[in-house]
Amino acid sequence: DPKPGGHWRLVMHGPNGADYPNHSVFLDLKQPERMVFDHISPPRFLVVATFEERNHQTQVAFRMIFNSAAECEKLKAICVPANEQNFDRLEAELRRMA
């Protein structure tokens with residue numbers, strides 16, 4: 001439900017076959033420039049995604065803001081490659097749609 005106060009629930013499927021339920025709440029949506037949501041299921045973090053046109057393409061900045069530097073360090077080895085995989089999938093889907 002992509003609107004301020006709207007909920008986003010999904011299940012991520014790990015390579016080990018485990019399911020990871022995720023629940024987020026949208027805080028701010030300003031089309032087409034910005035999306036902010038609070039990931040309220042563990043681990044907690046805030047996402048701020050911005051979208052900017054550059055040379056007829058879209059530059060995406062995706063920031064995950066954790067409650068502490070220690071929490072960020074603990075999850076960095078998982079989050080960075082997982083986000084790269086997600087953006088690779090998004091890029092492939094956008095190419096397919098073009």
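The largest nonpolar core comprises seven residues, F26, F37, F45, V47, F66, L75 and C79, a nonpolar core being a set of buried Ala, Val, Leu, Ile, Met, Phe, Trp, Tyr and Cys residues joined through side-chain atoms within 4.5 Å. Two or more residues of this core come from each of strand 4 (45-54) and helix 1, where helices (H or I, at least four residues) and strands (E, at least two) are DSSP runs numbered from the N terminus. The structure is a predicted model, in which local features need pLDDT of at least 70 and side-chain atom pairs count only at pLDDT 80 or more, whereas totals for chains, interfaces and linings use all residues. Residues are numbered from 1 along each chain as its sequence is written, and side-chain values use heavy atoms, with hydrogens and water left out.

Five strands form an open, antiparallel sheet in the order 1-2-3-4-5, two strands being paired if DSSP finds at least two bridges between them. Strand 1 (7-13) and strand 5 stand at the edges with a single partner strand each, so one side of each is left without a neighbour in the sheet. Within the sheet, strand 3 (residues 34-39) and strand 4 pair in the antiparallel sense over six bridges, and M35 has A49 of strand 4 as its bridge partner.

The buried residues of helix 1 are L75, C79 and N83, buried meaning under 20% relative accessible area (1.4 Å probe, protein chains only), and these residues pack against strand 5 (57-66). Leaving aside neighbours within four places in sequence, C79 is in contact (heavy atoms within 4.5 Å) with M64 and F66.

Definitions and conventions:
Buried < 20%, exposed > 50% of the residue type's maximum accessible area, 1.4 Å probe, protein only.
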